[in-house]
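Grab a pencil and work through these exercises with the model open beside you. Each task comes with a worked solution.

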Amino acid sequence: AIFRVEGGDCCGWIGVICQNSTGHVNQLHLTSPLSEPDFFAPYVEWEAYYNSMLGGNINPSLLELKHLSSLDLSNNNFSNIHIPKFLGVLGSLTHLNLSQAGFQGAIPQNLGNLSKLQYLDLRGDTMYRWDIKVKSLQWVSGLSSLQYLDLCGADLSKATDWLQVTFKHPSLLELHLSNCGLEDDPSPISVNSTKSLDILDLSLNRFSSVPKSIFSLHGLMSIDISENSLEGPIPDYFGNISFLKVLDLRSNSLNSSIPNSMYSLYHLQFLSLGDNQLQGTISSAIGNFSSVTHLDLSHNDMLEGRLPTSLEYLCKLKEMDLSYNKIEGGISEILQSLSRCRSGSLESLDMADNQLSGHLTDQLGQFKNLSYLSLAQNKISGPIPSSIGELWSLKFFDVSKNQLNGQIPLSIGELSSLKFFDVSENQLNGTFPLCFGQLESLETLDFGYNLLEGVVLEPHFSHLTRLTTLKASYNRLKFEPNSRISDVMPTWFLNLPTLFEYLNLSSNQLTGEISYLNVGDIVDLSSNSFTGPLPRVLSSLRILFLSNNSFSGSLHQLICNPSLTGMITLYIDTNLLNGEIPDCWNHWDVLAYLNLGNNNLTGKIPLTLGQTNPSTLNLRNNRMFGELPPTMQNSTNLIMLDLSENHFNGSVPAWIGDKLSNLVVLSLRSNNFDGVIPKCFNNLSAMATTNKTKNELSMLYFINYPFYLSALLVLKGREDEYGHTLGLVTNLDLSVNSFTGEIPKEIGSLVGLLSLNFSGNHLTGNIPDNIGNMKFLESIDLAMNRLNGEIPPSFSKLNFLNHFNVSYNNLTGQIPTSTQLQSFANLSYVGNHLCGPPLTKNCTTKGIPTDVANNGSSSEGSKVNWLYVSIVLGFVMGFWGVVAPLFFIRSWRHAYYRKLDNVYGKLYVFWATMGM
């Protein structure tokens with residue numbers, strides 16, 4: 001209980017401060033002694049942090065401390081209790097801090113009796129939940145001595161008097177009302193302020209315009225209205241607040257140019273207009289900001305043109321962020337302007353994602369105090385100058401996604417403070433400089449997507465004890481140990497004293513076996529030539545990419561490891577794995593993305609795999625068989641299911657449509673499924689939406705670790721790999737199976753589909769007319785079935801088609817007229833009784849092909865019919881001569897269907913020349 005003293009001297013206790021002369025307790029500082037751990041800190045650190053907090057009830061015995069002037073209970077855990085009313089009786093209080101202590105409910109009105117109170121901090125715990133509710137701030141008027149008030153995170157949405165009370169307060173100097181649910185007053189009242197306020201924080205609220213009463217506070221030195229919903233131009237009135245030192249308007253929707261009145265704020269030290277919609281060029285009047293130390297105009301997108309040379313007058317500038325705009329010009333000219341009077345003071349420069357060009361020059365070496373430099377995603381060319389080695393304070397260096405060439409300079413080894421180095425996606429060449437082994441502070445190293453080759457990674461890398469992230473993907477690298485004979489993965493590299501958190505060596509020329517991966521979080525070794533069994537991994541690993549290698553053997557050791565409870569992504573596709581998928585997925589509770597395609601796996605889908613509930617499951621191109629296990633209906637999170645090119649059989653269960661409604665990609669092609677196509681596919685609601693925003697297939701997001709997933713899909717008549725665009729794909733592919741019956745008309749409700757493929761089955765009946773309502777279809781393939789009737793007239797409304805095939809059915813009648821349908825080659829219609837463009841067969845007035853209408857009355861028609869019969873008989877005999885091997889030899893079957901269109905094309909040309 002806080003606070004009860006039964007006797008004895010408490011003045012020696014931690015947090016208790018007494019007056020020297022009287023021994024009276026006048027200060028209680030009982031805040032939590034531990035700081036909040038990092039978000040990724042181990043559980044034991046968080047447990048210690050929470051255990052250090054005070055809790056329970058606050059004892060009224062505090063009232064016995066008659067001389068108490070300062071009470072600090074911040075950063076504790078008084079959850080589910082209200083702020084005690086008796087605190088309003090502690091008349092000697094001058095400082096009261098109850099911030100982030102877990103209090104809930106209303107603020108006691110009798111706090112307004114604390115006439116001596118100068119400092120009051122009631123800041124809430126979180127920016128997402130309002131635990132403290134305030135209906136009125138009238139009690140603040142009684143705090144006649146108050147200078148500092150912080151109610152951030154309290155719910156003031158019903159306190160309509162907040163502006164009147166606070167702006168008219170006679171002594172208030174500092175006011176913090178961030179994240180209080182404040183909105184525009186529909187009937188704003190003019191406030192005759194006392195003009196005493198110096199600091200005003202209204203960030204994270206719901207204002208759509210700046211409260212005009214602010215502009216009557218001419219003595220303000222700091223204004224923060226960031227992260228609201230401010231619209232329109234930046235008000236000119238800010239220029240009237242002449243003593244302003246801090247102005248933060250970032251993360252709004254302001255859409256004007258920077259007004260000229262703002263350039264008259266000669267005392268301004270901090271200006272942030274980032275993350276808005278500002279436009280136009282930056283005026284040369286920016287040189288008036290001679291006192292500015294921090295300038296942020298980032299993430300506006302429409303700020304364009306060249307930077308004025310008047311930047312040279314910003315002599316106190318320490319940080320400048322102009323990233324994510326459309327600023328042009330040569331980087332050397334910009335560096336020249338910035339170096340004229342403050343090259344020694346500039347500490348951070350971020351101009352990433354602009355349109356800068358030219359070469360980095362030796363002027364770079366003049367910025368001796370520069371610790372952060374990002375010029376990523378521009379058009380900067382030429383080499384990295386050797387003068388970079390003179391930036392002795394540099395900790396962060398990012399020039400990725402430019403057009404830099406040449407070798408990485410050896411002077412990099414002089415940057416003893418360097419923690420982050422990213423030169424990825426350039427055209428750097430030569431060998432990897434050994435000087436990186438000297439950078440003992442290095443934590444992240446990324447030189448992927450370049451032209452580096454023959455890299456020598458020798459044991460001197462053991463000095464990099466802080467390196468946790470290494471990306472070397474998409475080069476031509478080989479590991480070369482001291483012998484420089486082998487290019488296998490050396491054991492010393494995997495046994496470095498540092499524990500890698502993120503290792504990416506994908507798309508190189510690495511070979512050899514890997515027995516153990518000493519990586520704690522993310523591994524990407526895809527697209528190399530690694531062999532042998534799958535490596536053992538740490539239990540903390542979350543993401544593992546081993547695609548496109550030659551790993552062999554069983555999945556058992558990896559999958560059945562009970563310590564792998566946090567694995568989220570597992571990609572081992574396109575390897576030489578064999579055997580059955582083990583039935584021990586019970587502990588894979590958070591698995592979201594699984595790809596085991598393109599291996600030699602056999603057996604059935606294990607029951608426990610169906611219970612993991614991933615977002616994507618890819619088992620394509622293996623030798624698996626059997627029916628779909630009923631446990632898969634529990635995988636309600638599935639967005640992509642690819643079981644194509646296997647030997648699965650049986651009917652497609654109705655629960656696919658009923659339970660897996662989130663599917664946007666369903667591929668069952670080239671299997672042995674039979675029965676009818678379920679009508680309940682119309683319940684696939686994700687395929688029925690026309691919303692084109694990206695789904696989570698487009699990207700696997702983690703904090704600081706984005707990965708783009710990919711999938712091989714047969715769309716538009718060919719097999720393609722979909723990566724960045726995968727999130728926009730919607731695909732239903734049941735081709736090359738043994739489905740019978742009619743195409744259910746319910747399929748027409750899947751209006752969000754881009755690709756529909758039912759080819760190579762035994763489907764009969766008419767094509768449903770409502771398929772023509774699926775206006776986003778880009779590919780439709782119904783070839784090689786037994787469909788009859790006409791092509792529905794509604795197909796003329798399919799304006800986005802770029803692949804269409806209804807060949808080798810029993811369709812009749814005229815091809816509907818549209819821009820799209822007449823643009824396809826004859827092969828899209830061959831093997832039917834169709835007429836009209838693009839075919840050369842004319843239709844009668846009844847829409848029947850002329851050769852069918854003549855019914856063989858002419859001698860020429862008779863010859864054509866006999867020739868047709870003989871060709872069909874020959875084809876049927878040849879077809880059944882190979883159909884048996886096709887059932888048992890998968891490679892024959894795949895080759896057969898790939899070449900089939902070409903064979904039929906040649907047959908059609910032959911028939912046409914004979915007069916058909």
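A charge counts as sitting over a ring if NZ of Lys or CZ of Arg is within 6 Å of the ring centre and within 35 degrees of the ring normal. Before you start: this is a predicted model, where local features need pLDDT of at least 70, side-chain atom pairs count only at pLDDT 80 or more, and totals for chains, interfaces and linings use all residues. Residues are numbered from 1 along each chain as its sequence is written, and side-chain values use heavy atoms, with hydrogens and water left out.

**Exercise 1.** Find what lies over the face of Trp392.

Solution. Go to the ring of Trp392 and look over its face: Lys368 is there, at 4.7 Å from the ring centre.

**Exercise 2.** Characterise the ring pair of Phe215 and Phe238, then the one of Trp585 and Trp588.

Solution. Start with the rule: rings of Phe, Tyr and Trp (its six-membered ring) pair if their centres lie within 6.5 Å, and planes under 30 degrees apart count as stacked, over 60 as edge-to-face and the rest as tilted. The structure holds 17 aromatic pairs. In one of them, Phe215 and Phe238 sit 5.1 Å centre to centre with 80° between the planes, which is edge-to-face. Strands here are DSSP runs of at least two residues (E), and helices runs of at least four (H or I), numbered from the N terminus. Both Phe residues, Phe215 and Phe238, are buried (under 20% relative accessible area, with a 1.4 Å probe and protein chains only). Now the tryptophans: the centres of Trp585 and Trp588 are 5.1 Å apart and the planes make 50°, so this pair is tilted. Trp585 and Trp588 are both buried too.

**Exercise 3.** Which residues do ring pairs link into a cluster with Phe795?

Solution. Follow the ring pairs and you pick up Phe804, Phe824 and Tyr829.

**Exercise 4.** Trace the strand pairing through E52.

Solution. Two strands pair if DSSP finds at least two bridges between them. On one count, E48 (residues 672–676) and E52 (residues 738–742) run parallel, joined by three bridges. Gly675 has Phe739 in E52 as its bridge partner. Then move on to E54 (residues 762–765): E52 is joined to E54 by three bridges, and these strands run parallel. Here Glu742 is partnered by Thr764 in E54.

Conventions:
Buried means under 20% relative accessible area, exposed over 50%, partly exposed in between (1.4 Å probe, protein chains only).
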